[in-house]
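Trainee: Could you walk me through this one? I'd like to start with the strands.

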Amino acid sequence: MRRFRIAALLPLISILGGCNFVVLKPSGDIASQQGDLILVSTLLMLIIIVPVMALTILFAWRYRHSNTAATYDPDWHHSTRLELVIWSAPLAIIICLGAVTWMATHLLDPYRPLDRIDASRPIVPDAQPIEVNVVALDWKWLFIYPQLGIATVNELAAPIDRPINFRITSSAVMNSFYVPALAGQIYAMPGMETKLHAVINTPGTYRGFSANYSGAGFSGMRFAFHGMARADFDKWVATVRASGGELDRQGYLALERPSENEPVRHYARVDAHLFGAILNMCVEPGKMCMNERMALDAKGGMGLAGINNLLPLTYDKQARRGAVFGATPAFLPSVCSIEEANRNLTASAPPAAAEPVQGAGLPRPARKQPRDAQQGLSTLPVRQPSNS
């Protein structure tokens, strides 16, 4: 019978053999500190959980119905010493957890530059971090190395013991950049930039993926992260540069289209301003960037020039992939009352032309008399924004 019980436990042991403890035994200093934080928090909570579970079993056994030797006191209702234990222990644990959380929140802030390589080595003053721009696409990852002028798809590499500064954004929908061996997950959002400072301390190939569901191809949105010695990293960079590919804006527009299970790609050259254009939603040539629009607003925008700039500032995904009501959304360029619109259309000074201003500080378009100016607002055309 004993042998049968041991044999019955073998399938459970084999299941545990497939567990991956990379979160608790990572290869990067930031992830290691985060793993220690998990262990400390768990141990502090077990200080309460273990005694409670043990006392539950003890009380159930000691005061069972068949134990006539146990003290029976139905009128008992209070014990000062017991109250002190019940309240002081959780209070002490909450104080400890609060202190640990407060310190870790600041020390492990992903926006905070690193101050050490690992527990025994601080960052030297002249250390040069490697910059990596991360773009979450549907459904693949684009990594741009601005210092090296190269880019890769679904492959990331970095030298060991060298700080890595990640700038992260998304092209369309919200994603989450996550390499468990390196650091915690950081969200990637369109039109926004998030940051992560990290370091890898042990050579190896580690798994990276999106930790936020983003559609049909989400399961294939994975990449390999290579932690390399300096010499091996230089060889990897030389291999990427030998690929001969070039990633410009038109190439990015083709790459950005949704696709699943994309193979690794290398680009020997990359447009130096591509990441900024992706972040500001203006990859298409001639399209006004989001930071330019904000500059106009800061100078009191939303006049005629501001409206003309607002209309073509549509989301890249709608213009290139098609929207629910068609590939090109329609807009009515008027934010005034009907009476004001009629007076403006019949005034001696006609409204500004519909051509968009292409950037902050440029002159407003030349004024043109609309063909249907005398017919009022009822004939005002619905404007289609230009993608050029």
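Mentor: Happy to. Two strands pair if DSSP finds at least two bridges between them, and strands (E, at least two residues) and helices (H or I, at least four) are DSSP runs numbered from the N terminus. This is a predicted model, where local features need pLDDT of at least 70, side-chain atom pairs count only at pLDDT 80 or more, and totals for chains, interfaces and linings use all residues. Residues are numbered from 1 along each chain as its sequence is written, and side-chain values use heavy atoms, with hydrogens and water left out.

Trainee: OK, how many bridges join β3 to β7?

Mentor: Seven, and the two strands, residues 130-137 and 164-170, run parallel. Val-134 stands opposite Ile-168 in β7.

Trainee: And what is the strand order in the open sheet?

Mentor: The six strands go β10-β7-β3-β4-β5-β14, with mixed pairing. β10 (194-198) and β14 (265-267) stand at the edges with a single partner strand each, so one side of each has no neighbour in the sheet.

Trainee: Switching topic, which cysteines does the disulfide join?

Mentor: Cys-282 and Cys-289, with S to S at 1.9 Å; a disulfide here is a pair of cysteine sulfur atoms within 2.5 Å. A search of the whole structure finds one.

Trainee: Why is the disulfide right-handed?

Mentor: Because the torsion about its S-S bond is about 80°.

Trainee: Is Cys-282 buried or exposed?

Mentor: Buried, at 1% relative accessibility. Cys-289 is buried too, at 16%, while Cys-96 is partly exposed at 37%. Buried means under 20% relative accessible area, exposed over 50%, and partly exposed in between, using a 1.4 Å probe and protein chains only.
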